[in-house]
Structure formats: structure tokens, C-alpha cells
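Please keep the sequence and the structure in view while reading.

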Amino acid sequence: SSRSILIALSLYMLSRPDYLVEYGGLVSECSSIFSQVLRGRDPAVILATIEIIKKLYSLSDQNLANVFICKTAPSLFELLSAPKYQDVLDTVISELVSCLEVLIALAPPKTNTELIKNITHVLVNKLASSEQAGTPQESSKTHQVCLQALQQIGPKYPAQFKEVMNADVSMRQRLEQAILSSRKRSDSVSEKVKKFSEGRNKSTIGKPLSINFAAFHQT
């Protein structure tokens, strides 16, 4: 399977001579293969690839991890932001955002804020797009994951997040609007569930069940 091949490539990279990192070579070529897979159309394969990438990002071998990050991180951002990947995004969005959060944590201070800025910009745009989607079922997971990610990034990196928000008033307003809309939607759903439950309870009081469960006891 594709996942097995990628795992084999990962093990191959881990066993390479050190000079192959210094000159690119094997690690660079293998990283390019991962990037190509991320540009595919099979959600299951892409999801498995992201899972492997996240593990490789956290390797203790920083030389290997850095080469791998430089080669594959742009493809992760493209996967999250490019409209052409929207049909596979709902399947991989949770793991993709989790992988990008690992990337933020690993970034040196000078690039940390820039990463947060870029990721925040893409996540807010995804929130705005999901708000405008015609059918909630198609956008609910992406909306939920993006909103949760932003709510985690803010408290975890308050200084950087505040700097990013203050530098882009339009983005801050869109985020505030998305949060407000999400709360209204949540309140509306809760109210509908409550009314449905109340109506169902009233309609079934004193009425016998119409389903015959005797068949479950037959051998």
C-alpha cells in the first residue's frame, strides 16, 4: 500500500549516512515524494501521509527534521489553503491542523510569529468560507476544526496572536464574526434539540411502543 511505501521511505531516511543530509541527496528526494503524495486526490493516502510527516517533524535528529520540514511544509499549507483540495479537506483537516501546530511549536522564535500569522490567516479564511457554504454538512467539520485551532493558538501564543490580530483589523473582524455566528448556530441547534425532546416526551406518554421486540428473543 501507499502507506507502507511511505513508512519504508521514512525508515530508509533514518538509516542514511550523515553526509546525505548535508548535501540533500536521499532525504531531499524522499521528502519530495511525500510532497507529491500530498498533492494527490485520495483522502486516505493523504491522511496517512500527514500522520507520518507529523512524526518525522518531531524527530530528535534535527538535521533530518529540518530538511524534511523545508521540503514538505509548503505542501501542507497548500493542502489547507488551495480551493482545489476542498473535496479531501474534511477527511484530513484534523490531522493536518495538528501537524501544523507541531510545526509552530518547533519553529525558532524569529519564524514563529510568521508561521502563526500565515496559519491564522488561512484558518480565518476557511472559517469565512464555511460560513458562506450552502450546505452546513459540507463545511461543519472544517469550520469546527479551524475554530478550535484558533482558540488553541490564541491562548498558547498570546503575544504573537495579539500582534497578528492587531496588524490585520479585517482578519480580526472576520474571526469575531465567525465566532459569533458559531455561537448563534450552536444555540439554535440546542434549542431545536430541546424542543424536539420535549415534544417527543409529550407525544409518547401513555402510548405503548409499536415495535415488536419479540423477534430478538427468537433463536
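What percentage of the 219 residues of the protein count as buried? The share that counts as buried is 37%. The model is predicted, and its mean pLDDT is 77, with 74% of the residues at 70 or more.

**Overall make-up**

The protein has 10 helices and zero strands, which gives the pattern α-α-α-α-α-α-α-α-α-α along the sequence. Its accessible surface amounts to about 13200 Å², and carbon and sulfur atoms supply 56% of that area.

Of the elements, helix H9 (residues 158–167) has the highest mean pLDDT, 92, while helix H2 (residues 19–22) has the lowest, 55. Over residues 202–219 the pLDDT stays under 50, and for this stretch the model has zero contacts beyond four places in sequence.

**Packing of H4 and H6**

A pair of packed helices is described by the angle between the axes and by the distance between them. For helix H4 (residues 43–57) and helix H6 (residues 86–106), the angle is about 10° and the axes are 9 Å apart. Angles under 35 degrees count as roughly parallel, and H4 and H6 are therefore roughly parallel to each other. On the H4 side, the contact is made by Pro43, Ile46, Leu47, Ile50, Glu51, Ile53, Lys54 and Tyr57. H6 contributes Val88, Thr91, Val92, Glu95, Leu96, Ser98, Cys99, Val102, Leu103 and Leu106. By class, the residues of this contact are 13 nonpolar, two polar and three charged.

**Single residues**

| Residue | Relative accessible area | Class |
|---|---|---|
| Ser75 | 3% | buried |
| Val145 | 10% | buried |
| Thr142 | 2% | buried |
| Glu114 | 43% | partly exposed |

Under 20% relative accessible area a residue counts as buried, so Ser75, at 3%, falls in that class. Ser75 is part of helix H5 (residues 62–81). Beyond its neighbours within four places in sequence, Ser75 is in contact with Ser35, Leu38 and Arg39.

Helix H8 (residues 136–156) holds Val145, and Thr142 also lies in H8. Which residues does Val145 touch, not counting those up to four places away in sequence? They are Ile93, Ser94 and Val97. The C-alpha atom of Val145 is separated by 9.9 Å from that of Leu96, although the two residues are 49 residues apart along the chain. Leu96 is also one of the H6 residues in the contact with H4.

Thr142, with the same exclusion of residues up to four places away, touches Gln86, Leu89, Asp90, Ile93 and Lys126. Between the C-alpha atoms of Thr142 and Leu127, which are 15 residues apart along the chain, the separation is 7.7 Å.

Is Glu114 buried or partly exposed? Glu114 is partly exposed, because its relative accessible area of 43% lies between the limits of 20% and 50%. Glu114 is located in helix H7 (residues 109–132). Its C-alpha atom is 8.8 Å from that of Val164, a residue 50 residues apart from Glu114 in sequence.

Key:
Residues numbered from 1 in each chain as written. Predicted model: local features only at pLDDT ≥ 70, side-chain atom pairs only at ≥ 80, totals over all residues. Heavy atoms only, no water. pLDDT = per-residue confidence, 0-100. Helix = DSSP H or I, 4+ residues; strand = E, 2+ residues; numbered from the N terminus. Contact = heavy atoms within 4.5 Å. Axes fitted to C-alpha atoms, helices over the stretch in contact; angles between N-to-C directions. Parallel < 35°, antiparallel > 145°, perpendicular 65-115°, else oblique. Nonpolar A, V, L, I, M, F, W, Y, C, P; charged D, E, K, R; others polar. Buried < 20%, exposed > 50% of the residue type's maximum accessible area, 1.4 Å probe, protein only. Areas by Shrake-Rupley, 256 points an atom, 1.4 Å probe, with all protein chains shown as cover.
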